[in-house]
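This briefing goes through a structure by topic, from individual helices to aromatic pairs, loops and chain totals. Please read it alongside the sequence and the model shown here.

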Amino acid sequence: MDKYKFILLLVFLSIYSLCFSQEKVTNKENVEMVSIRNDKFKVWTKKVGNGNRKLLLLHGGPGTSPEYFFNFPENLSKDYTIFYYSQLGTHFSDIPKDSTLYNLDNFVEDVEEVRQKLKIDDFYLLGHSWGSYLAQAYAAKYQEHLKGIILCNNINEHNDLIADYGIQLYANIMDEFPEFKPYSDSLRFGFSGKFTEFDNPESLGSKIREKVWPEMVKRHYARLETYPEDLSNSKINSNGSLMQELGFHERVYRIDYNQYLVKLEKPVLFIGAKYDFIPPFYYVKMKDKLPKTTFSKVVITNGSHFTMWDDKETFFKAIDDFITDIEKK
């Protein structure tokens with residue numbers, strides 16, 4: 001098993017089960033089920049607020065529930081109208097199990113169909129994690145409708161680079177456990193061996209994961225002692241394993257998203273995080289790929305992957321400052 005598959009397997013075996021609260025009933029006010037793909041399927045949308053600054057949110061995954069975005073209204077002013085959208089195959093929306101339905105081009109057209117039916121124009125698009133890939137692809141084709149693009153917690157680099165960085169973080173935590181420290185360099189340098197035998201509870205890999213992975217999540221996914229209900233619910237209701245089974249993860253992570261990034265002419269804000277498992281020092285490299293005439297900015301928070309929760313102040317101030325600068329022009 002190569003290093004990329006190793007770290008990916010760790011994610012799917014563990015992160016979706018690390019939740020600490022029960023599902024709550026979603027407020028159905030201003031919820032609209034939008035028909036897409038020739039009215040064959042319906043996707044959930046929700047509008048919050050009536051401000052002049054319109055912000056459409058694209059959640060991560062693929063397959064994660066959009067519930068982790070539910071703290072946006074309380075952290076942004078009344079100047080905003082926030083549009084939530086649960087992508088096809090995710091919680092709240094239809095969940096067809098036909099793998100041919102899940103590809104990037106289809107998802108780009110889904111966003112456009114949602115935009116049209118909700119009558120959104122002159123808006124800001126925010127994509128987080130996988131959603132940042134979708135945002136780039138959408139913006140490259142339909143940026144005439146956009147005022148600005150916000151790309152959070154993901155970089156346009158090869159999977160092995162991201163996986164290698166994650167493995168270094170994982171091995172660093174192994175160093176802190178005396179019983180596992182002798183094996184950390186083996187993982188760092190690609191000799192994972194029995195580390196991948198997670199199904200066998202007696203295997204070395206299973207024993208390491210039991211102690212190390214909770215620390216990995218605590219330090220690099222959400223640096224919180226207890227998960228807030230909305231963040232926890234997004235994990236409870238995640239369909240990430242289904243998206244993996246349908247091959248969607250493998251397909252979308254093979255794409256070179258720089259082909260979309262270089263086409264962007266509207267202002268772009270990149271938000272990374274110091275403690276993310278996505279290496280933060282590559283956002284400037286992404287910024288440098290934009291046309292020189294484009295107003296762009298990079299902000300690195302003190303949070304981790306869900307920085308809208310573990311460094312709210314920096315995250316939401318960056319969004320508001322970016323949009324305010326555009327609105328003043």
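**Helix H3**

The buried residues of H3 are Leu104, Phe107, Val108, Asp110, Val111, Glu112, Val114, Arg115 and Leu118. The model is predicted, and the points below should be read with that in mind.

- Helix H3 covers residues 104-118, and its 15 residues should span 21 Å at 1.5 Å a residue, which agrees with the 21 Å that separates its end C-alpha atoms.
- At the N-terminal end of H3 the cap is Asn103, which has a side-chain oxygen 3.2 Å from the backbone nitrogen of Asp105.
- After H3 comes Lys119, a residue whose phi is positive, near 60°.

- The buried residues of H4 are Trp130, Gly131, Ser132, Tyr133, Leu134, Ala135, Gln136, Ala137, Tyr138, Ala139 and Tyr142.
- Ser132, which belongs to helix H4 (residues 130-142), has a relative accessible area of 1% and therefore counts as buried, the limit being under 20%.
- Once neighbours within four places in sequence are left aside, the residues in contact with Ser132 are Gly127, Leu151, Cys152 and Asn154.

**Aromatic pairs and charges over rings**

- The structure holds 25 aromatic pairs; in one of them, the ring centres of Phe72 and Phe316 lie 4.9 Å apart with the planes at 80°, so this pair is edge-to-face.
- That pair links distant parts of the chain, since Phe72 lies in helix H2 (residues 72-75) and Phe316 in helix H14 (residues 312-328), 244 residues apart.
- Both partners are buried: Phe72 has a relative accessible area of 0%, and Phe316 has one of 3%.
- Phe72 and Phe316 also belong to one aromatic cluster, together with Tyr68, Phe69, Phe306 and Phe315.
- Tyr68, a member of this cluster, has Lys235 over its face, at 5.9 Å from the ring centre.
- Elsewhere, the ring of Phe295 has the charged end of Lys329 over it, 4.0 Å from the ring centre.

**Backbone features in loops**

- Gly61 and Pro62 are joined by a cis peptide bond with an omega of about -5°, and Pro62 is located in the loop between strand S3 (53-58) and H2.
- Asp39 is placed in the loop between S1 and S2, and although Asp39 is not a glycine, its phi is positive at about 65°.
- Arg37 is buried, with a relative accessible area of 13%, whereas Asp39 is exposed, with a relative accessible area of 56%.

**The chain as a whole**

- The protein chain has 14 helices and eight strands, and of its 329 residues, 57% count as buried.
- When contacts between residues at least 6 apart in sequence are considered, 75% of them join residues at least 24 apart.
- The protein chain has an accessible surface of about 14,500 Å², and carbon and sulfur atoms contribute 49% of that area.

Conventions
Residues are numbered from 1 along each chain as its sequence is written. This is a predicted model: local features need pLDDT of at least 70, side-chain atom pairs count only at pLDDT 80 or more; totals for chains, interfaces and linings use all residues. Side-chain values use heavy atoms; hydrogens and water are left out. Helices (H or I, at least four residues) and strands (E, at least two) are DSSP runs, numbered from the N terminus. The expected span of a helix is 1.5 Å times one less than its number of residues. Buried means under 20% relative accessible area, exposed over 50%, partly exposed in between (1.4 Å probe, protein chains only). A polar contact is a pair of N or O atoms within 3.5 Å; within protein, one must be able to donate a hydrogen and the other to accept it, and residues adjacent in sequence count only if both atoms are side-chain atoms. Contact means heavy atoms within 4.5 Å. Rings of Phe, Tyr and Trp (its six-membered ring) pair if their centres lie within 6.5 Å; planes under 30 degrees apart count as stacked, over 60 as edge-to-face and the rest as tilted. A charge sits over a ring if NZ of Lys or CZ of Arg is within 6 Å of the ring centre and within 35 degrees of the ring normal. Accessible areas come from the Shrake-Rupley method with a 1.4 Å probe; for residues, only the protein chains shown count as cover.
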